Amino acid sequence: MYQTIGAPAAAGIGALAYTGSDLLWLAVGAFALIAAGSAVLRIIPRRVQA
């Protein structure tokens with residue numbers, strides 16, 4: 001909690017809390033949104049044309 005910003009930023013993990021944005025976390029968020037959207041599309045009932 002009282003560490004300097006250098007150690008987490010150098011590790012690249014948990015940098016979102018310190019910097020406000022990080023490309024890795026944006027990619028993870030985009031992947032999660034795409035996965036959630038595809039999961040919702042799978043459970044929506046569809047008409048079957050026979």
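**Exercise 1.** State the pattern that the protein chain follows along the sequence.

*Solution.* Along the sequence the pattern reads α-α-α. The secondary structure accordingly comprises three helices and zero strands, where helices (H or I, at least four residues) and strands (E, at least two) are DSSP runs numbered from the N terminus. Residues are numbered from 1 along each chain as its sequence is written. The model is predicted: local features need pLDDT of at least 70, and side-chain atom pairs count only at pLDDT 80 or more, while totals for chains, interfaces and linings use all residues.

**Exercise 2.** Determine which element has the lowest mean pLDDT and which the highest.

*Solution.* pLDDT is the predictor's confidence in each residue, from 0 to 100. The chain averages 77, and 58% of the residues score at least 70. Where pLDDT is low, the predicted coordinates should not be read in detail.

**Exercise 3.** Classify Val 40 as buried, partly exposed or exposed.

*Solution.* First, Val 40 is located in helix H3 (residues 23–43). Next, buried means under 20% relative accessible area, exposed over 50%, and partly exposed in between (1.4 Å probe, protein chains only). Val 40 has 45% relative accessibility and therefore counts as partly exposed. Of the chain's 50 residues, 4% count as buried.

Technical notes: Side-chain values use heavy atoms; hydrogens and water are left out.
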